[in-house]
Amino acid sequence: MSNDEIIKIIDNLKFPLEGINFDRLELYAKHENWEIRNAVAIILAQTDQKQGEKILLKLVDDTDELIRANACDSLGSYSSESVTKVLKKKAVNDLQLVRGYAVLSLGNIAFRKKDEDIHSFLKSASKKEKSIWVKINYYYNLCILGEIEYVYEIIREIDNKFYKNRYLAIQSLLDLYKDHGFKDNISVLYLRKKICKRLEKETSKAVYEVGEELMKLLPQ
């Protein structure tokens, strides 16, 4: 079977992953082809079964940064102490992309479980993080965990000099607005003003488009 055929089989697995051959997925997770390992890391977000967790806990130490990041992302669907421990480690001790996804998954678990220990960890670790991109992920999590004042930290990054940070900041605000109702806790007028000024000078199409989408949702 070719590598492309294996990837297609993995990609075509349907949610929920009932009756899945986890032994086969475990073999694919060790495959020499990084795309196959990455496909396994992504698909296992669709289950929370122990076999999937076992595979992901190995993939978070893969040699490939993207695979580690996707494994951390998928671990957000799980909630064991082993998962939390590994994600905390990755949140402070890996490359930026991996740290960012580990932080997001910790936020998902904390929100789902109302876990105060993870909440405290996120608040403490956010103060030591140097990457603005990762810090925005921390701020987003703290907002969904009830500390809505951190939304102003996200708003501040709307004018960051790097487009990837501007994009994440506005996308995070959009997600907060749509999914978590923060509109009742901040000045919508202030946010509209900030977004309008940003769009007037924005050069990135991706940032402009997500900014436009947010503006359409904000009341006049």
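Biologist: Okay, is Glu 53 buried or exposed?
Modeller: Glu 53 is buried, at 5% relative accessibility. Buried means under 20% relative accessible area, exposed means over 50%, and partly exposed is in between, using a 1.4 Å probe and protein chains only. Before we go on: this is a predicted model, where local features need pLDDT of at least 70, side-chain atom pairs count only at pLDDT 80 or more, and totals for chains, interfaces and linings use all residues. Residues are numbered from 1 along each chain as its sequence is written, and side-chain values use heavy atoms, with hydrogens and water left out.

Biologist: Which side chain does Glu 53 meet in a salt bridge?
Modeller: That's Lys 50, at 3.1 Å from N to O. A salt bridge here is a side-chain nitrogen of Lys or Arg within 4 Å of a carboxyl oxygen of Asp or Glu. Lys 50 is exposed, at 54% relative accessibility.

Biologist: What counts as a helix, and how many are in the chain?
Modeller: Helices (H or I, at least four residues) and strands (E, at least two) are DSSP runs, numbered from the N terminus. The chain has 13 helices and zero strands.

Biologist: And how much of the chain is buried?
Modeller: Buried residues make up 51% of the 220 residues. As for contacts, meaning heavy atoms within 4.5 Å, take those with a separation of 6 or more: residues 24 or more positions apart account for 64% of them.

Biologist: Back to salt bridges. How many are there in the whole structure?
Modeller: A search finds 17. One of them joins Glu 129 and Arg 99, at 2.7 Å from N to O. That pair links distant parts of the chain, 30 residues apart: Glu 129 is in the loop between helix H8 (116-126) and helix H9 (132-144), while Arg 99 is in helix H7 (residues 96-113). Glu 129 is buried at 9% relative accessibility, and Arg 99 is buried with a relative accessible area of 14%.

Biologist: What does Arg 198 form a salt bridge with?
Modeller: Glu 202 is a partner, with the closest N and O atoms 2.9 Å apart. Salt bridges that share partners join Asp 159, Arg 166, Lys 194, Arg 198 and Glu 202 into one network. Arg 198 is buried at 9% relative accessibility, and Glu 202 is buried with a relative accessible area of 11%.

Biologist: Where's Asp 159, then?
Modeller: Asp 159 is in the loop between H10 and helix H11 (163-180). Asp 159 is partly exposed, at 34% relative accessibility. Not counting residues up to four places away in sequence, Asp 159 touches Arg 166, Lys 194, Arg 198 and Lys 201. Its side chain also makes a polar contact with the side chain of Arg 198, at 3.1 Å. A polar contact is a pair of N or O atoms within 3.5 Å; within protein, one must be able to donate a hydrogen and the other to accept it, and residues adjacent in sequence count only if both atoms are side-chain atoms.

Biologist: Last one: where is Lys 114, and what does its charged end sit over?
Modeller: Lys 114 is in the loop between H7 and H8, and its charged end sits over the ring of Phe 111, 5.1 Å from the ring's centre. That label needs NZ of Lys or CZ of Arg within 6 Å of the ring centre and within 35 degrees of the ring normal. Lys 114 is exposed, at 62% relative accessibility. Its phi is near 55 degrees, a positive value in a residue other than glycine. Most residues other than glycine have a negative phi.
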